[in-house]
Amino acid sequence: MKKILIGLVAAIALLGALALVFRGELQMAVMYQMMKPEAAFADTAPPAAPDYQVAAGWAALPDRDDNADVLPKGVPADDPATSDAAAVDVFFIHPTTYYESDSWNQPLDDATANTMTDDSVLTNQAAVFNGCCRVHAPRYRQATLFAFFDLDGDGGKAIDLAYQDVVAAFEHFLTHFNQGRPFILAGHSQGALHADRLLRDRIQGTELQGRMVAAYPVGYWIDGSNGIPVCETPTQTGCQVTWNSGAPDLQPFRETAGDICVNPLTWRTDGVRADFADNLGGVAFGGEQTLISEVADAMCKDGRLVVSDIRSDAFDSEFMGPGNYHIYDYGLFFMNIRRNAAERVAAYMAAGVQP
């Protein structure tokens with residue numbers, strides 16, 4: 001029961017990240033009042049910076065047991081988690097798990113945020129990549145959720161501080177862990193925003209672009225301005241995929257027609273609906289990480305991923321308002337993402353372009 005409650009608490013907190021993608025005026029006003037830090041960013045001493053030289057600076061590393069190694073019940077026996085001998089690395093940037101108003105950025109010793117990251121995000125998102133790759137996920141001074149309501153003010157400064165940590169972690173990853181190997185860049189929500197900036201600032205047009213198997217900056221408004229091509233087929237490499245999930249009648253907060261949507265059931269952008277039978281299995285927050293087959297369909301339309309129904313009570317489709325599936329961007333399509341990452345890695349390695 002304790003494990004289930006922890007999972008539910010983490011899920012509830014993660015649901016708050018929907019404000020990055022879909023939110024109504026009333027919800028925004030309530031969150032504004034509850035989560036706005038009292039002090040201005042300039043008047044607040046930032047938390048101590050992370051030290052990526054030590055293991056505590058990382059939520060997941062391939063040479064230790066952590067929740068990025070979890071396999072959901074029902075995953076086929078011939079699809080084990082990889083050893084640290086895998087040929088490809090993953091750099092995964094977790095979404096917002098800090099919702100306090102005490103600071104614009106998470107203190108790295110905040111146990112609540114770290115537990116949410118470890119017990120929900122790693123198991124339901126980062127773990128999709130453990131079938132193909134060595135998973136690395138840094139802790140960072142993530143911006144508190146309110147920052148995304150204030151992108152042009154102090155919130156933007158908090159996001160920039162978080163991004164500085166992500167850049168430092170990525171540089172450490174490249175130098176000390178990756179050391180010239182192929183890699184996948186992935187993230188969700190706030191993590192996808194930071195991944196988008198890494199693609200634009202550090203990867204596009206450099207030798208790193210040739211080593212990048214693919215990028216999965218999922219759950220944020222990605223419009224292609226980072227310079228990385230959009231994946232048009234399931235085995236294309238050197239490209240990016242992203243989507244934002246919601247019901248057909250969900251009203252997005254902003255215009256999405258210019259955003260990238262790659263269907264995680266077909267890995268194409270053509271707008272063709274994929275049926276429930278195409279879904280290899282999803283994993284919900286909490287419980288025992290059980291695989292649920294044919295849980296959702298999907299279709300790209302006007303820059304959004306439209307899901308007509310979720311066929312499982314394990315996914316609370318009403319919790320954050322009818323039709324808002326933001327926190328399930330990975331979970332609804334867990335096995336399809338897992339298989340696709342392995343297929344892109346295989347295609348990359350078979351092409352013989354790796355260092």
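User: Why is Arg181 called partly exposed?

Analyst: In this predicted model, Arg181 has a relative accessible area of 21%. Since buried means under 20% and exposed means over 50%, with partly exposed in between, the value of 21% makes Arg181 partly exposed.

User: What makes the contact of Arg181 with Asp89 a salt bridge?

Analyst: The closest N and O atoms of Arg181 and Asp89 are 3.0 Å apart, and the criterion asks for a side-chain nitrogen of Lys or Arg within 4 Å of a carboxyl oxygen of Asp or Glu, so the pair qualifies as a salt bridge. Asp89 itself has a relative accessible area of 0% and is buried. Asp89 and Arg181 are also linked with Arg134 in a network of salt bridges.

User: How many salt bridges does the structure hold?

Analyst: The structure holds twelve salt bridges.

User: How do you know that Arg202 and Glu171 form a salt bridge, and which parts does the pair tie together?

Analyst: For Arg202 and Glu171 the closest N and O atoms are 2.7 Å apart, and because the limit is within 4 Å, the pair is counted as a salt bridge. Arg202 lies in helix H5 (residues 190-203) and Glu171 in helix H4, so parts that are 31 residues apart in sequence are tied together. Both ends fall in the band between the 20% and 50% limits: Arg202 is partly exposed at 33% relative accessibility, and Glu171 is partly exposed with a relative accessible area of 31%.

User: Why is Arg211 called buried, whereas Glu207 is called exposed?

Analyst: The relative accessible area of Arg211 is 8%, and because buried means under 20%, Arg211 counts as buried. Glu207, with a relative accessible area of 53%, meets the requirement of over 50% and is therefore exposed. These two residues form a salt bridge, with the closest N and O atoms 3.2 Å apart, and both lie in helix H6 (residues 207-211), four residues apart, about one turn of the helix.

User: What makes S1 and S6 the edge strands of the sheet?

Analyst: Six strands form an open sheet in the order S1-S3-S2-S4-S5-S6, with mixed pairing. Strand S1 (58-60) and strand S6 (239-240) are the edge strands, as each pairs on one side only.

User: How do you know that S4 and S5 pair?

Analyst: Pairing requires at least two bridges, and S4 and strand S5 (residues 212-218) have six bridges, in the parallel sense; the pair therefore meets the criterion. Within this pairing, Ala215 in S5 is the bridge partner of Leu185.

User: Which helices lie on this sheet, and at what angles?

Analyst: H5 lies across S2, S4, S5 and S6 and runs at about 140° to S4. Helix H7 (residues 334-351) packs on the sheet, where it touches S4, S5 and S6, and its direction makes about 155° with that of S5.

User: Why is the link of Cys132 and Cys133 called a disulfide?

Analyst: The S to S distance of Cys132 and Cys133 is 2.4 Å, and because the cut-off is within 2.5 Å, the pair is called a disulfide. With -95° about the S-S bond the link is left-handed, and both cysteines are buried.

User: What makes Cys261 and Cys300 a disulfide, and what does the pair tie together?

Analyst: Their sulfur atoms are 2.2 Å apart, which falls within the 2.5 Å cut-off, so Cys261 and Cys300 count as a disulfide. Cys261 lies in the loop between strand S7 (245-246) and strand S8 (299-301), and Cys300 lies in strand S8, so parts that are 39 residues apart in sequence are tied together. Cys261 is buried at a relative accessible area of 7%, and Cys300 counts as buried at 10% relative accessibility.

User: How many disulfides does the rule give, and what is the pairing?

Analyst: The count comes to three disulfides, and with the bonded cysteines of the protein numbered in sequence order the pairing is 1-2, 3-4, 5-6. One of them joins Cys231 to Cys239 with an S to S distance of 2.0 Å, and that link is right-handed, with 95° about the S-S bond.

Conventions: Residues are numbered from 1 along each chain as its sequence is written. This is a predicted model: local features need pLDDT of at least 70, side-chain atom pairs count only at pLDDT 80 or more; totals for chains, interfaces and linings use all residues. Side-chain values use heavy atoms; hydrogens and water are left out. Buried means under 20% relative accessible area, exposed over 50%, partly exposed in between (1.4 Å probe, protein chains only). Helices (H or I, at least four residues) and strands (E, at least two) are DSSP runs, numbered from the N terminus. Contact means heavy atoms within 4.5 Å. Axes are lines fitted to C-alpha atoms, for helices over the stretch in contact, and angles run from 0 to 180 degrees between N-to-C directions.
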